[in-house]
Amino acid sequence: MEKRLTRTAMFFSVGFVFMVAFAAGAFFFGLKIGTDKAETKYEMKQLKSQSNENAVPYQQQDLVSFYHTVFLPYREFQTEWIKAINKLQQGQLTEPVAIFKGLGDLANRKNKEVSSFDMQKSPLLGQAQASMIRSLEQFEQAAGKAAVHAKTLKNKPLIDAIEKEATYQKAVNSTLDAQQAYFSAMLKWGATVNSDIPGDFTSPNIMEINQWKKLPLIVKNKLMADHLKKRQQLAAFYPQDLTSRVDEFIQTGQQSEMKVRSVSAIVELMVNTKAVRSGDFTASKAAQYEKETLPQLPFFYAEAE
């Protein structure tokens, strides 16, 4: 005989099913709210980050402060390193073991000096500072390895051994990263004081000479920093020195005589033939760039070292 559920049992069963359904609904509703909140929080964080990035004040005083507290101490080390390598190439470096040990100590001291200031308010300057710190750390290690190589190698074989070291290659890469970020920061500053200057500019794969001639100087300098980064080669000259040599090459009609059609080809020619020197920009600034917008940085307005 089929048993019937009592009224109490029926109410209990229906209530239990209702509670399960309600709990499931509440769970998924809560999950959706939680997910929406998390997505909103993430989106707001992204928007805030983008807003901060776009609102970053690249003021001239920030560029000048970076120059004196970060760039100049690093540059002092780089100058000494390049002098040592040049003497080594000419067979004039006496006591190379002691010289490279000294360069390692100098890199360590300059690293402490460069690290003692906070440039993080402006992201690109913060990146440049971090890259210079990494570069000096790697140069310190590269100098130690160079001192070891110098016990058995001289002149060109020693230079070859140094340049093959991973620490040296990383040091150069970080140097060029820093330079690229610094000149990108100058470009962003330029956009705030001159509406004809873009806040960012990426060169096409092939830049024609007519397009180059129309660019503001501060954009050209940033593009030369990009070119030097691609070459992965440590240079004594600045990006603006390379800019001035490219402009001079074009203005004198040499590109027509040599049938050079792109800016990158001129850069390769200038660098490969060692036609660029530190100070080329300041030597031609008065004649070529007097009306150009530039931040008041010493290497734009005084004789470069």
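This is a predicted model: local features need pLDDT of at least 70, side-chain atom pairs count only at pLDDT 80 or more; totals for chains, interfaces and linings use all residues.
1. Overall fold. The protein chain is made up of 13 helices and 0 strands, so that its pattern, read along the sequence, is α-α-α-α-α-α-α-α-α-α-α-α-α. Of its 305 residues, 42% count as buried, and among contacts with a separation of 6 or more, 71% are between residues 24 or more positions apart.

2. Nonpolar core. The largest nonpolar core holds 81 residues, and the members that touch the most others are Trp-81, Phe-100, Tyr-182, Leu-242 and Phe-299.

3. Gln-78. This residue belongs to helix H2, which runs over residues 60-89. With a relative accessible area of 4%, Gln-78 is buried, because the cut-off for that class is under 20%. The side chain of Gln-78 reaches the backbone oxygen of Ala-235 at 3.0 Å, and, apart from neighbours within four places in sequence, Gln-78 is in contact with Thr-175, Leu-234 and Ala-235.

4. The cavity. The structure holds 1 cavity of 30 Å³ or more, and the volume of the largest cavity is about 110 Å³. Its lining consists of 14 residues, and those nearest its centre are Tyr-74, Arg-75, Gln-78, Thr-175 and Gln-179. The elements that give two or more residues to this lining are H2 and helix H6 (166-193). Gln-78 and Thr-175, both named here, are also in contact with each other.

5. The largest pocket. This pocket has a volume of about 710 Å³ and is lined by 22 residues, with Asn-86, Gln-233, Leu-234, Ala-235 and Lys-274 lying nearest its centre. At least two lining residues come from each of H2, helix H5 (155-164) and H6, and H2 provides the largest share, 5 residues. Leu-234 and Ala-235, listed here among the residues nearest the centre of the pocket, are both contacts of Gln-78, a residue that also lines the largest cavity.

6. Asp-280. This residue is found in helix H12, which comprises residues 280-288. A polar atom of the Asp-280 side chain lies 2.7 Å from the backbone nitrogen of Arg-277. Leaving out residues up to four places away in sequence, Asp-280 touches Asp-241, Ser-244, Arg-245 and Ala-275.

7. Gln-59. This residue lies in the loop between helix H1 (7-55) and H2. Its relative accessibility of 38% places Gln-59 in the partly exposed class, because that class lies between the 20% and 50% limits. Although Gln-59 and Lys-188 are 129 residues apart along the chain, their C-alpha atoms are separated by 9.1 Å.

Methods
Residues are numbered from 1 along each chain as its sequence is written. Side-chain values use heavy atoms; hydrogens and water are left out. A nonpolar core is a set of buried Ala, Val, Leu, Ile, Met, Phe, Trp, Tyr and Cys residues joined through side-chain atoms within 4.5 Å. Buried means under 20% relative accessible area, exposed over 50%, partly exposed in between (1.4 Å probe, protein chains only). Helices (H or I, at least four residues) and strands (E, at least two) are DSSP runs, numbered from the N terminus. A polar contact is a pair of N or O atoms within 3.5 Å; within protein, one must be able to donate a hydrogen and the other to accept it, and residues adjacent in sequence count only if both atoms are side-chain atoms. Contact means heavy atoms within 4.5 Å. On a 1 Å grid over the protein atoms alone, a cavity is a set of points where a 1.4 Å probe fits but cannot get out, and a pocket is an open set with protein on both sides within 12 Å along at least five of seven lines; lining residues have an atom within 4 Å of a point. Grid points are joined across faces, edges and corners, and a volume is the space filled by probe spheres set on the points.
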